[in-house]
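Please open the structure in the viewer and keep a selection tool at hand.

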Amino acid sequence: MKWDEFFVTGDPLIYGADVSIALTTVGILFYLTYFKKWKWLWTEWITTVDHKKLGIMYIAAAVLMMFRGGVDALLMRVQLATPDAKFLDSQHYNEIFTTHGTIMIIFMAMPFLIGLINVVIPLQIGARDVAFPYLNAVSFWTFFIGAMLFNISFVIGGSPSAGWTSYMPLAGNELSPGPGQNYYLLGLQIAGIGTLLTGINFLVTILKMRAPGMTLFRMPMFTWSALVTMVIIVFAFPILTIALALMTFDRLFGAHFFTLQGAGMDMLWANLFWLWGHPEVYIVILPAFGMFSEIISAFSRKTLFGYKAMVWAMVIIAAYSFMVWVHHFFTMGSGALVNSVFSITTMIIGIPTGIKIFNWLFTMYKGRISFTTPMLWSLGFIINFVIGGVTGVMLAMAAADYQYHNTYFLIAHFHYVLIGGTVYACFAGLIYWYPKMFGHRLNERIGKWVFWLFNIGFNVCFFPQFLLGFDGMPRRVYTYSAASGWGPLNMVSTIGGFVMGLAFLLFVYCLYYSFRYAKREVAGDPWGVGRTLEWATTSTVPPHYNFAVIPTVTGLDPVETFRNQKIDTKPKLADLKPIHMPDYSGVPFVMAVFFFIAGFGLVFEWYWMGIVGLIGVFITMIIRSFDRNEGFYVGLEEIKETERINE
Amino acid sequence: MFKRLRPFLALGLVLSVFFLGGCSNSYVIFDPKGPVAAQQKDLILYSIGLMAIILVVVYVLFTVILVKYRENRKDLSNYDPHNHGSKKLETIWTIIPIIIIIALAIPTVKVIYDLEKSTDTSSKPKAPLVINATAVDWKWIFSYPKQGIETVNYINIPKDRPVLFKLTSADSMSSFWVPQLGGQKYAMSGMETELYLQADELGTFEGRNSNFNGEGFTHQTFNVHSVSQADFDKWTADMKSKSPKLTKEQYDKLMLQGHVKKTMTFSSTHLKWVNHAHEADYAVKTRERLGVVPQNPHGSKAKDANKPESDSKGDS
């Protein structure tokens, strides 16, 4: 292989990226060395098994990926703003939409939500950490290294260009030669390990580690949503693992599962992909539903309307999420009966979703609604998500879908649910629980600007795309003629996209501004409206053991009960016992590095390197198996000092 | 307070205008030229109507609740922190969506079944014209088996007569779509899918592959010319006598990835030596035989090959 095949060459945009990557890396290395932060980075972050720190790292990585995916999006919008534009060529455009889709779903939406789940869920159920803290670190590092492997593709070797759906036979060796598609397969495979482990970890955590008195039907809605999501992950992700493995065999070892030759079956890939892919959509929307339930209830100062209906609605949605995958390819010619059945099952999902929308509206009914930024994002969600929902029902009508399929109508629909639902939840949840992570709130004034800019930009960007769909504009075209008449609406859409980009930058500024100037909160509940246990910790940023004394729960909304009944939750000296906590470990990080080596080797089909990496992975597993470190006890002195308890 | 809500109200207004605007005839799927597209248009408009009702109900409720129960209202006496559910209300908003879904499902299923049948539903239906459409990166090859002619990137069809498209692909999964005549269906190698369409008006309608299949995807388009039956008969006779025969060498060249500069017509079809619905690997084997090796788009060979016009690689 020549050097110019290893590094992507010939495009000024890529050279620009090369320079900025080099400069950023040098900058980070300089900062860590000059300020002597290496030890701090290793002992406080890289080796941590603390769910709150892992959560913060998940969120930080997700915000970084949102930037990457967002830049991809804006590059596409520039190319599409005018007819016959020459900004990107076809191959480059195809790579960009492929990485945009993959990154936004797998490396942005999911980790962002998993990050918030990591930070909040153990606190919300009154646990000191997750069930398997070491496994949690493995989850994070495999996700992170998978994301990095996928991300370097655009400067080393070339990005995948078969779409985030990677339909066969297009994604096979004959039609997509080169390392690009291998990056997709191995990046997702490695990150998928992390997601599956997270699913198992939180499933056990929520089922086994709840505070005394917290029965299943006293769990906060966000916890419920996380539980249901983890069940979906445990059932859905193995399908992706297998499908990716089969395609890897096709590409690397000459197998014929999905290929043109050897009686491969390309439709099988589409089925397997969406058997995972549709539940995946609910993996990224159900936690969002849970967060909105918490936030709307808190800022309406009312208990959630129809709690049980909300729970059952989620359970039904989760079950149905496995019964609708065919609606992603009604046009495959499965026949009238199959299409009718899947049309109806898909529409039925609209019922529990509708119930949830009305329950949120009536949670605010007879409440005292305050318009804080998390609440604004939640209200914006209702407005936008309903549009996403009704257009989803329209797409579910197979006979009509033959006209919408593969058009911008579909693009607009799923951005209305994924941005209007998931991304709005990420903003709402991050702002709401920000003090739990960093000890101060985000600036409300800038936050409101961010919301309005983003909300307006989002609608300006995506609403015209419904109309472009009606006008027959297919997705994934890299350009169009002036005669098509799609120019003006595309220009509007591009302007909206840039307004969203501006909102993102303003949000980053808001993080900085608040870090510098925001008041440091001390009490456990800086919003003053918290209802669930995470607000019962005595300090804003909970100590590493979360609760000095695990609180006892007597009903829904325990913190609201403590507040109303004036119960003092400050731990008493007599109740204190030494707390057992797990040890930090550097093994998960090292394991992830070996995964990277193995993945990178397989991407370029350098099998010696793949084998070395996998041997390294097994060695780290063996080391872990013989590791007899059994954690440590937090002494009474430290607890007393942290909780400011005087004898 | 209304100041805070005004953007929401304005947004709602703009959206409804857009939706109503969406029903105008200026958009291709609302400008059908045949019974299939017309049926789909009616179904779509019907669903937009029902969906608009849902949007209005939710947005009105949303606005009223936000105004009435905002924190800084004068009278807080209607604040009720213990209001946590209502069997009656929850039953209502479970049943109404069920009714709406039934109202959508019945016509949907009916149209789904209708679209699988010939468009001529009269008692003495006309036999449909059969056209085999084969997608190959990045062009469309059409065979008229009965007439014995083959075209590339265009078709002529007689007006008012059902046309049965038998779809397949020589390589990647493609989707055959002529929006003004009706919805799309996939064309897949090793498979044959069937799609009935019909034109009610004379004219030229744009068709394309709508399923992404690589570098030349954007320009994988074709034209459908709807002509009278007499003109169609004349055209087939002319083509049969004047056009060259399709040779195997020529056909194999068409199997290479790339676009064709002009449309083509032949007086024989490829169906007598290959049907891609039964021979999924024909194109791949042909490329191998002709010594065409798939190139990494970032490899040095590919870069030299298509420097100036990356889209026109492999012009036949």
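Select A:Tyr432 and A:Trp535: both residues are buried, where buried means under 20% relative accessible area, exposed means over 50%, and partly exposed lies in between (1.4 Å probe, protein chains only). This is a predicted model, in which local features need pLDDT of at least 70 and side-chain atom pairs count only at pLDDT 80 or more, while totals for chains, interfaces and linings use all residues. Residues are numbered from 1 along each chain as its sequence is written, chains are lettered from A and ligands numbered from 1 in the order in which they are written, and side-chain values use heavy atoms, with hydrogens and water left out.

**Aromatic pairs in chain A**

Rings of Phe, Tyr and Trp (its six-membered ring) pair if their centres lie within 6.5 Å; planes under 30 degrees apart count as stacked, over 60 as edge-to-face and the rest as tilted. By this rule there are 99 aromatic pairs over all chains.

Select A:Phe249 and A:Phe253, a tilted pair with 5.8 Å centre to centre and 45° between the planes. The two residues are separated by about one helical turn, because they stand four residues apart in helix α8 (residues 221-253) of chain A. Helices (H or I, at least four residues) and strands (E, at least two) are DSSP runs, numbered from the N terminus. A:Phe249 is partly exposed, at 38% relative accessibility.

Return now to A:Tyr432 and A:Trp535, which form an edge-to-face pair, 5.1 Å centre to centre with 65° between the planes. This pair links distant parts of the chain, 103 residues apart: A:Tyr432 belongs to helix α14 (residues 408-438) of chain A, and A:Trp535 to the loop between α16 (487-517) and α17 (558-564) of chain A.

**Cysteines of chain A**

How many disulfides does the structure hold over all chains? There are zero, a disulfide being a pair of cysteine sulfur atoms within 2.5 Å. A:Cys426 is buried, at 1% relative accessible area, and A:Cys461 is buried at 4%.

**Loops of chain A**

Select A:Asp84 in the loop between α4 (51-81) and α5 (90-124) of chain A. Its phi is near 55°, a positive value in a residue other than glycine, and A:Asp84 is partly exposed, with a relative accessible area of 42%.

Proceed to A:Asn406, in the loop between α13 (398-404) and α14 of chain A. A:Asn406 is not a glycine, yet it has a positive phi of about 60°. Is A:Asn406 buried or exposed? A:Asn406 is buried, at 3% relative accessibility.

Next, select A:Met168 and A:Pro169, whose peptide bond is cis, with omega near 0°. A:Pro169 lies in the loop between α6 (133-151) and α7 (180-208) of chain A.

**Chain B**

Display chain B, which has seven helices and 11 strands. Buried residues make up 52% of its 316 residues.

Select residues 126-238 of chain B, which UniProt annotates as "domain: Cytochrome oxidase subunit II copper A binding" in an unreviewed entry. UniProt positions are given in the numbering used here, feature names are shortened, and annotations may be inferred rather than shown by experiment. Over these residues the chain is 9% helix and 53% strand, with the end C-alpha atoms 24 Å apart.

Select B:Asp137 and B:Trp138, joined by a cis peptide bond with omega of about -5°. B:Trp138 is placed in the loop between β1 and β2 of chain B.

Finally, select helix α4 (residues 229-242) of chain B. Which residues of α4(B) are buried? They are B:Phe232, B:Trp235, B:Thr236 and B:Met239. These residues cover an arc of only 95° around the axis, so they lie on the same side of α4(B); the arc is that of the directions from the helix axis to the C-beta atoms. On the other side of α4(B), the exposed residues are B:Ala230, B:Lys234, B:Ser241 and B:Lys242. The buried residues of α4(B) pack against strands of chain B, among them β1 (129-136), β2 (139-144) and β10 (221-227), where contact means heavy atoms within 4.5 Å.

Methods
Expected span 1.5 Å × (residues − 1).
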